[in-house]
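User: I am new to reading protein models. Could you walk me through one, feature by feature?

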Amino acid sequence: IFKSNQLILLFLFDNEVIKMDEKIYTEIINKKNEYCHFFYPEIKSFLGSKRSKEIEEYANNDIDFDKKRHEGENDSYLCMLIRHDLIDDFVTYVNQSNIPLDGCVNHSIFETNRFLIKSRPTLIEYCCFFGSIQIFQYLKLNKVELTSSLWFYAIHSNKAEMFHLIEESRVEPLILECF
């Protein structure tokens with residue numbers, strides 16, 4: 001029931017409701033590669049030395065590795081700015097880093113939301129997902145394409161203002177798909 005939810009599994013491991021064993025280790029190894037990285041502290045005793053060293057280098061290069069695992073969100077600075085709707089910092093960062101406004105959010109092993117993992121959202125879709133009104137408006141003013149997919153992301157935000165902005169922009173709703 002829980003094997004596709006990294007945060008629930010982490011909670012169960014942390015609270016010793018379940019313990020790592022060969023069967024669970026095999027399930028984790030058979031998942032995508034980020035499961036191996038995400039659950040490295042739990043599986044390291046089961047890994048061979050070569051594989052363990054490869055993952056350990058990745059985990060040890062991040063001083064906030066455990067904190068990020070427990071947050072379960074994309075750990076990029078850009079995503080943090082969007083989640084908190086920090087418009088001034090966002091504008092400065094994308095301009096200094098030369099990030100295309102119509103680009104996609106980079107993958108992160110710390111992201112645990114299945115919808116975001118499967119879809120690889122654009123920056124404007126990520127804004128809709130988190131209800132980042134100011135950054136959404138900035139992207140819209142800078143002519144980022146508004147597609148029907150925004151409705152799916154806006155549903156997660158649960159913000160009426162986000163729905164109104166998309167509606168005012170005359171983005172065709174996908175009513176049946178959204179339901």
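User: How many salt bridges does the count come to?

Analyst: Start with the rule. A salt bridge is a side-chain nitrogen of Lys or Arg within 4 Å of a carboxyl oxygen of Asp or Glu. By this rule the count comes to six salt bridges. A word on the source: this is a predicted model, where local features need pLDDT of at least 70, side-chain atom pairs count only at pLDDT 80 or more, and totals for chains, interfaces and linings use all residues. Residues are numbered from 1 along each chain as its sequence is written, and side-chain values use heavy atoms, with hydrogens and water left out.

User: What are the elements of the chain?

Analyst: Helices (H or I, at least four residues) and strands (E, at least two) are DSSP runs, numbered from the N terminus. Here the chain has 14 helices and zero strands. From the N terminus on, the elements run α-α-α-α-α-α-α-α-α-α-α-α-α-α.

User: What share of the chain do buried residues make up?

Analyst: Buried means under 20% relative accessible area, exposed means over 50%, and partly exposed is in between (1.4 Å probe, protein chains only). In this chain of 179 residues, 40% are buried. Take H37 as a case. H37 sits in helix α3 (residues 33–38). Its relative accessible area is 10%, so H37 is buried. From C-alpha to C-alpha, H37 and S52 are 9.8 Å apart in space, and 15 residues apart in sequence.

User: Back to salt bridges. Are E16 and K19 buried or exposed?

Analyst: Both are exposed. E16 and K19 form a salt bridge, and their closest N and O atoms are 3.8 Å apart.

User: Which parts of the chain does the pair of E42 and R69 tie together?

Analyst: First the contact: the side chains of E42 and R69 form a salt bridge at 2.7 Å, N to O. E42 is in helix α4 (residues 40–43) and R69 is in helix α6 (residues 65–71), so the pair ties together parts 27 residues apart in sequence. E42 counts as buried because its relative accessibility is 15%. R69 counts as buried too, at 2%.

User: Which residues are linked with E42 and R69 in a network?

Analyst: D66 joins them: E42, D66 and R69 are linked in a network of salt bridges. R69 has another contact to look at. A charge sits over a ring if NZ of Lys or CZ of Arg is within 6 Å of the ring centre and within 35 degrees of the ring normal. R69 lies over the face of F38, 5.8 Å from the ring centre.

User: How far apart are the closest N and O atoms of E73 and R83?

Analyst: They are 3.1 Å apart, and the two residues form a salt bridge. E73 is in the loop between α6 and α7 (77–83), while R83 is in helix α7, so this pair links distant parts of the chain, ten residues apart. E73 is partly exposed, at 30% relative accessible area. R83 counts as buried, at 15% relative accessibility.

User: Which residues line the second largest pocket?

Analyst: The lining is D64, K67, K68, E71, E73, N74, D75, S76, Y77, M80 and R83. On a 1 Å grid over the protein atoms alone, a pocket is an open set of points where a 1.4 Å probe fits, with protein on both sides within 12 Å along at least five of seven lines; lining residues have an atom within 4 Å of a point. α6 and α7 each supply at least two residues of this lining.

User: How many aromatic pairs does a search of the whole structure find?

Analyst: It finds twelve. Rings of Phe, Tyr and Trp (its six-membered ring) pair if their centres lie within 6.5 Å; planes under 30 degrees apart count as stacked, over 60 as edge-to-face, and the rest as tilted. Y126 and F130 make a tilted pair, with 4.8 Å centre to centre and 55 degrees between the planes. These two are four residues apart in helix α10 (residues 123–130), so about one helical turn separates them.

User: Which aromatic cluster holds Y126 and F130?

Analyst: F115, Y126, F129, F130 and Y153 form one aromatic cluster.
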